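Please keep the sequence and the 3D view at hand while reading.

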Amino acid sequence: MQLSDEHYMQQALKEARLAGEDGEVPIGAVVVMNGQIIGRGHNQVERLNDCTAHAEMIAITAAFNTLGSKYLMEATIYVTLEPCVMCSGALYWSKIGRVVYGAQDDKNGYRRVTGDKSPFHPKTKIEYGLMADDCLKLVKDFFAAKR
């Protein structure tokens with residue numbers, strides 16, 4: 001049974017909440033292939049003291065390990081916030097089939113650097129805006145609580 005994009009974004013939001021509960025910027029991601037979640041991740045930058053421990057990086061690494069493969073051509077990643085340039089580069093090299101993100105990130109998202117040019121593999125489909133308000137609210141509430 002194929003579940004909806006909203007279902008998988010809800011799963012990414014669950015991951016984002018885990019990050020927030022851990023004091024991390026609340027961003028979450030899941031990688032889906034053939035209707036199954038094959039990788040999950042949420043920000044762990046502070047926990048791991050590693051600036052590369054973004055939700056997308058952790059989720060795609062988990063997916064690679066699940067598949068025993070370095071490519072995700074048939075997979076979709078659902079991420080709550082627009083990927084940064086680093087994560088976009090990793091997604092490019094993974095040849096992921098589809099990227100679905102919730103909220104745009106004018107400050108740190110890939111578009112800040114690339115403008116209208118896609119940093120993803122030419123065959124990767126990109127969609128954004130799915131549950132954007134819910135995704136952005138987590139981030140805004142997190143930073144509001146910090147101030």
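The model is predicted, and the values below are computed from it.

**Sheet and packing helix**

- Five strands make up an open sheet with mixed pairing, and their order across the sheet is 2-1-3-4-5.
- The edges are taken by strand 2 (36-42) and strand 5, and because each has a single partner strand, one side of each is left without a neighbour in the sheet.
- From one strand to the next, the twist averages 15 degrees.
- Strand 3 (residues 76-81) runs parallel to strand 4, the two being paired over five bridges, and Leu81 has Ala103 in strand 4 opposite to it.
- Helix 3 (residues 55-67) packs on this sheet, where it touches strand 1 (28-33), strand 2 and strand 3, and its direction makes about 145 degrees with that of strand 2.

**Aromatic rings**

- There are six aromatic pairs in the structure, one of which joins Tyr110 and Phe120, with ring centres 5.1 Å apart and planes at 80 degrees, so this pair is edge-to-face.
- Tyr110 sits in the loop between strand 4 (98-103) and helix 5 (111-114), whereas Phe120 belongs to the loop between helix 5 and strand 5 (125-128), so the pair ties together parts that are 10 residues apart in sequence.
- Elsewhere, a charged side chain meets a ring: Lys95 lies over the face of Tyr71, at 4.6 Å from the ring centre.

**Cysteines**

- The count of disulfides is zero; Cys51, for example, is in no disulfide, and the nearest cysteine sulfur, which belongs to Cys84, is 9.6 Å away.
- The sulfur of Cys135 has its closest cysteine sulfur in Cys87, at 15 Å, which is too far for a bond, because a disulfide needs two cysteine sulfur atoms within 2.5 Å.

How values were computed
Residues numbered from 1 in each chain as written. Predicted model: local features only at pLDDT ≥ 70, side-chain atom pairs only at ≥ 80, totals over all residues. Heavy atoms only, no water. Phe/Tyr/Trp six-rings, centres within 6.5 Å; stacked < 30°, edge-to-face > 60°. Helix = DSSP H or I, 4+ residues; strand = E, 2+ residues; numbered from the N terminus. Lys NZ or Arg CZ within 6 Å of the ring centre and 35° of its normal. Pairing = 2+ DSSP bridges. Axes fitted to C-alpha atoms, helices over the stretch in contact; angles between N-to-C directions. Contact = heavy atoms within 4.5 Å.
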